Structure formats: structure tokens, C-alpha cells
Amino acid sequence: VFYFLLEQHAMELSLLLEGKFLATLVPVKLSASGDGTLSAPGSVTVDNEEELPYEADLTGYTRDPAVVAPPASSPHWREIYLKSTDGRGKLAGFKKYLSDRKKVAVGQFSGEGGEGSGTIVVPHAGQPADAEAVFVRFATDTKAAQAEAAEHRRRRKLAEHQKMQAQHIKHQQEMQRRQAAAAPAVPAVAPQKPGKAPGILGKLMGAQRRTAAHLQRVPLKAKATDDAPGDADVGAEAQRIIGKFRDEMLRKMEAFRDDSSKFELRVPFSVAAASKGSKVDASLLMNRVTMDVLKYMVYESAEEVGEDQWVASKEDGEFLDEMVVAVYKEGHVPPEVLEDMNQGDLPEEFKATQRAAADVALREQTKKVAADTARVQRAVQRGDKPVAEDLMSLNANKRDRRTIEDVQLEKENKRQRG
């Protein structure tokens, strides 16, 4: 009997919410009938129950897709249904809070690597109808799960970027077809009546119509033959360059994260350096691989690796095709960078109010100075004594900085003149 009670206690999970008790949970199994019913606690063997921790603390919330819905084939995440046995009824309100905000709760527990090395997640979706039951995912190796989540995010964003590039290429091709279809018809030259030669004006107008017709034909034919085969190759090369640049930025950010002695990272980059070694002419890539795209990749890499805790700030460069972005770890951002960020976050209405207040203060100061100057001038013209109250004699107690030789020489000169 004692052995049975010990095993039963080992399968209990004490779930905390920001350090406060939430529920005592035991594993249960979802019915195979598909009606959503759960087995009674302890009545059947539940998958993954041996790896269930004794205690876990939910300390935050997130909407990260890599955490909300990890890959189904992930070897690091375990799924399990749990049911409350404490009778306090706190789970219903907690699940409703997650569902209303479309968030997942994330916490830590002691895993394979020691204290805080395991991760537990309570999703907002897929929860059972039973108010006292909850569906959770947990991973005993947080580092492996985080690496898998980072790779999942990278692949998802790369797929989204490739989809946007494909849509952009398709849109350009569609616009070219529409322009070709909407081109005006070639104006026909009216035939000359036999036996009647055209005059000078008639010859000039006929030549202009023929020239216009040729100009309308030649560009469309060139566009139809040149752009169609090379456009896909240019798009694929641009995607390769952007993907390579993003992987390089991720490696730099991860090395910066792992180096605890560094708190600032300066990332210089340029379009020429990113496109170096490309077989496609740079003039064809200039509209696809731009400084804005590369800057976005740097900011996105800093945000992803730094988990929204780092600050990235663009520094002024000497050339338009070169840029330097400084990345700071949390708590090491210079005051001037924070001031620029806060100034940039101000709404336009507030900025306009500040400018208006400054203009009013400047006008008032100008009026006051002009009134004081006019008053002093009037007093001087009248010869009034009170003017001296507003004026100040300067250098009245000025220190004599002459040397002894200078004083004696001046006395000797006065004596000779006298």
C-alpha cells in the first residue's frame, strides 16, 4: 500500500501561477470515442506521465507561433491531459483568461539540466470541456526546445518572404501584360489619292505618324522577349542573397548573445557587400535587394535572438549605400539612443503642440526684449536717473595685470613728458 501511494504522489503536478498556487493536477487520458470525455484519475496508464514534473511555475504569456503550435513531429515536446484534485475550481477562470486573449502561458520546472531547465506551456486552444481539466505541453530540455523553435520561426519567415517575392513577381508580370494589352493601336496612314501628290504638311504628318507607330511597337516587343525569361532568375537570386544575409545576421546575433562580456554589437552592411559574388548584374537586383530590406533583416534578427529585449539603432553613415546598426543588450542602452527612440515614438499631435508652445515662448521673449530696449532708449533720451538702475558698469573693479616693469616704464614716460 505504501508503494502504491508513493507512485501516485510521483504523478501529481503542483501548478503555480507567478509563484502562487493554482491547482494540483494528476494525469488523465482522453477517450478514444472522440466525445471529449476524460478517464478517471489513476484508472488508466497515461502516456508521458513518467516525465511529468512535481512542480511547475507559470511566469509569463506569449503568442509566438513556434510556442503556440510546435511541429507535430517534435521530439522535445510532450502532450498530456491533467485534472485538478484540489477542488478549488481555479482552472476554469484561468482557461477563460487564455482563450479570451489568444495567449499561451509559459513556465519553468526542474528538467534534465537542473533547476529551470524544463519548460511547460498551457495553450489557449485544444482545452477540454471539463472545467477541472487542462491540456498542457512540456519539454524537459529547454535549450533543445528553444533551438527547435528558433529554426521553426526562421523557416516560417523564410517561407513568408518567398511567398511575398513570388506574389511580387506575378504582380509585375500581370502589369506588363495589362500594359501590352492596353497599348493604343498603331495609327494607320490614310492612302493618297492617285494622281494627287501630298503637300509639305501632309508629308510631315505622315512621317510623324510612322515614327510614332515604330516607337509603340519596338519597346513592347523588347519587353515581351527580354523580361519574361530573366525575371524568375533575378527573383531567385535576390531571395538567395537575402536568405544568406539573414543567416549571417542570425549567426552574429547568436554569438553576441552567448558572449556575456559584450553588451554592444555594431553591424556594418551594404548592398554591394551582400550582393558580392552574384552572377546576376547589380542593376537588375537594385530594386529587390535594397538597404531597407537589409536593415529590416538586421532588426528582425536582433528582435528574434534577443527575444524583444535588445534595442537596435541605426547610426548615421557617410554613404547612402552603407549603413551601421548598433545592437544593445537590455540595460546597456546609451541615454541618447533612448532619448531618440522616445522622441520618435511621440505622436505628431504632441510634437505639433511642443513646436507651437516653443514658438509662443519665443515670440513672448522677443516682445519683452523689444519693450525693454525701447524703454531704455526713451529714458536715455530724457536723461532720467533711474536708467542707471537698469544699466551696469562693467570692469569697474578690473584687476591690474601689468608687470612691475610696465608700471615703472609708464611712470618714467610720464615724468619725461612732465
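Contact is defined here as heavy atoms within 4.5 Å. The structure is a predicted model, in which local features need pLDDT of at least 70 and side-chain atom pairs count only at pLDDT 80 or more, while totals for chains, interfaces and linings use all residues. Residues are numbered from 1 along each chain as its sequence is written, and side-chain values use heavy atoms, with hydrogens and water left out.

Ser275 lies in the loop between helix 6 and helix 7 (282-285); helices (H or I, at least four residues) and strands (E, at least two) are DSSP runs, numbered from the N terminus. With neighbours within four places in sequence set aside, Ser275 contacts Ile241 and Val289. Ser275 counts as buried because its relative accessibility is 15%, the cut-off for buried being under 20% relative accessible area (1.4 Å probe, protein chains only).

A nonpolar core is a set of buried Ala, Val, Leu, Ile, Met, Phe, Trp, Tyr and Cys residues joined through side-chain atoms within 4.5 Å. The largest such core comprises 27 residues, and Phe245, Met253, Phe269 and Val327 have the most contacts inside it. Two or more residues each come from helix 5 (200-258), strand 8 (264-270), helix 6 (271-274), helix 8 (291-305) and strand 10 (322-328). Helix 5 gives the most, with nine residues. A second, separate core has 20 residues, among them Leu15, Leu22, Ala105 and Val136.

From first to last C-alpha, helix 12 reaches 20 Å, close to the 20 Å expected at 1.5 Å a residue, where the expected span is 1.5 Å times one less than the number of residues.

Terms used. Buried < 20%, exposed > 50% of the residue type's maximum accessible area, 1.4 Å probe, protein only.
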